[in-house]
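The sequence and the structure are shown first.

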Amino acid sequence: MLLELLVRPNIRDLKPYSSARDEYKGVNAEVFLDANENPYNQPFNRYPDPLQRELKDVISPIKQVPASNIFLGNGSDEPIDLLFRIFCRPQIDNVVAIAPTYGMYEVCANINDVEYRKVQLDQNYQMSADKLIEQCDANTKLIFICSPNNPTGNAFPRQEMEKVLNAFQGIVVIDEAYSDFCDARPFRLDLKKYPNLVVLNTFSKAYGCAAIRLGMAFASEQIIALFNKVKYPYNVNALTQNAAKEVLADMDMLHHRVVMIKKERELLISAVEKLPLTVKVYPTDANFFLAKMKDADAIYNALVQKGIIVRNRSKVELCGNCLRITVGTKDENARLLAALRTLKL
Ligand SMILES: *Cc1c(COP(=O)(O)O)cnc(C)c1O
């Protein structure tokens, strides 16, 4: 793969913004009069590290990815948007994605005026590498695969995703936002094998930090350099960097919570499966599941009346009469079940 040929010419030739802090290196600086900061109001007066080096050094051993292969952004939304801005020429290039899947890929494509080609999963929500490849042409820059997939919940067979990585000449984005809830080997461990791979992770799900807006992308150093060239200079603020370091200091707690959620997931699914309102629950590898109901709209509305909100996916292709239910605490799940058991429809 020749990255030079994939990248938009304006990005390849871009002279990136150089911040005050970029311009000195390797000295033990003590007096900072270079960035027009206010000398008072510590610690908020100083610009944060534009490359989040300390935080990446904490993340690296946890994710088993070298710090030089990590990009951090304002949620996963940032690397998703950057991928379009780096690789896709508006009105010329296109991207291919499975459907149904996470809505942000299509929104970002539309914002960037890039054609978005959907390839439907089959009735069992399985993807076909051949069908994805068939939709590609010389202007296809990105393929999006989300595994475990949102909203269907299932992870795809590794073989099928490897087939796409091997066959496609552009960038394959594998969104593993939910991989902590799944037993499959995550693709971020195989970056060396696939120079065209970008893996997305997030602090919003298994790490319980949706509020701090921190997303991760793992890729080759060349692709990371492109992300860094195009991103806003101080894209991750100091409060977020510090909060992330704090939660990662207690990985035992984070793992314990994932274990609890997985246990609750099994209990909740077997209870929902037994309800007369339920047609079926689809297999899941995430912290949510998709349930086909007899009348999803009516159940959704009745739950809203009781102050319980699930996601109504019944208008999504292949998801007729489906609700997407996130696994909550034991108490929240019990309240959902109690409400479902007393619904009079
Ligand atoms: C929730 C989710 C994310 C997380 O997005 P953030 O911007 O990091 O909060 C990413 N991808 C998928 C598929 C998701 O469902």
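**The ligand and its surroundings**

In this predicted model, the ligand is surrounded by 14 residues, the closest of which are Tyr-178, Thr-202, Ser-204, Lys-205 and Arg-213. By residue class, the shell around the ligand consists of 5 nonpolar, 5 polar and 4 charged residues.

From the backbone, an N or O atom of Ser-76 lies 2.7 Å from an oxygen atom of the ligand. From the side chains, an N or O atom of Asp-77 is 3.3 Å from an oxygen atom of the ligand, and a polar side-chain atom of Lys-205 also lies 3.3 Å from a ligand oxygen atom. The ligand taken alone exposes 390 Å², and the protein buries 93% of that area.

**The largest pocket**

Rolling a probe the size of a water molecule over the atoms shows where empty space is left. The largest pocket holds about 770 Å³ of space. It is lined by 22 residues, and those closest to its centre are Arg-21, Tyr-47, Pro-48, Asp-49 and Pro-50. Two or more lining residues come from each of helix 3 (53–63) and helix 9 (238–248). Helix 9 provides the largest share of the lining, with 5 residues. In composition, the lining of this pocket divides into 10 nonpolar, 4 polar and 8 charged residues.

**Aromatic pairs**

A pair of aromatic rings is described by the distance of the centres and the angle of the planes. The count for this model comes to 8 aromatic pairs. One of the aromatic pairs is formed by Phe-71 and Phe-227, whose rings are stacked, with 4.8 Å from centre to centre and 20 degrees between the planes. The angle of 20 degrees falls under the limit of 30 degrees that applies to stacked planes. Phe-71 belongs to strand 1 (residues 70–73) and Phe-227 to helix 8 (residues 221–230); the pair thus links distant parts of the chain, 156 residues apart.

**Backbone features in the loops**

Most residues other than glycine have a negative phi, and most peptide bonds are trans. Which residues are joined by a cis peptide bond with omega of about 0 degrees? They are Ala-99 and Pro-100, and Pro-100 is placed in the loop between strand 2 (94–99) and helix 5 (104–111). A cis peptide bond also joins Ser-147 and Pro-148, with omega of about -10 degrees. Pro-148 lies in the loop that runs between strand 4 (140–146) and helix 7 (158–167).

Asn-36 has a positive phi, near 55 degrees, although Asn-36 is a residue other than glycine. The loop between helix 2 (9–12) and helix 3 contains Asn-36.

Terms used
Residues are numbered from 1 along each chain as its sequence is written. This is a predicted model: local features need pLDDT of at least 70, side-chain atom pairs count only at pLDDT 80 or more; totals for chains, interfaces and linings use all residues. Side-chain values use heavy atoms; hydrogens and water are left out. A residue is near a molecule or strand if one of its heavy atoms lies within 4 Å of it. A polar contact is a pair of N or O atoms within 3.5 Å; within protein, one must be able to donate a hydrogen and the other to accept it, and residues adjacent in sequence count only if both atoms are side-chain atoms. Accessible areas come from the Shrake-Rupley method with a 1.4 Å probe; for residues, only the protein chains shown count as cover. Ala, Val, Leu, Ile, Met, Phe, Trp, Tyr, Cys and Pro count as nonpolar, Asp, Glu, Lys and Arg as charged, and the others, Gly among them, as polar. On a 1 Å grid over the protein atoms alone, a cavity is a set of points where a 1.4 Å probe fits but cannot get out, and a pocket is an open set with protein on both sides within 12 Å along at least five of seven lines; lining residues have an atom within 4 Å of a point. Grid points are joined across faces, edges and corners, and a volume is the space filled by probe spheres set on the points. Helices (H or I, at least four residues) and strands (E, at least two) are DSSP runs, numbered from the N terminus. Rings of Phe, Tyr and Trp (its six-membered ring) pair if their centres lie within 6.5 Å; planes under 30 degrees apart count as stacked, over 60 as edge-to-face and the rest as tilted.
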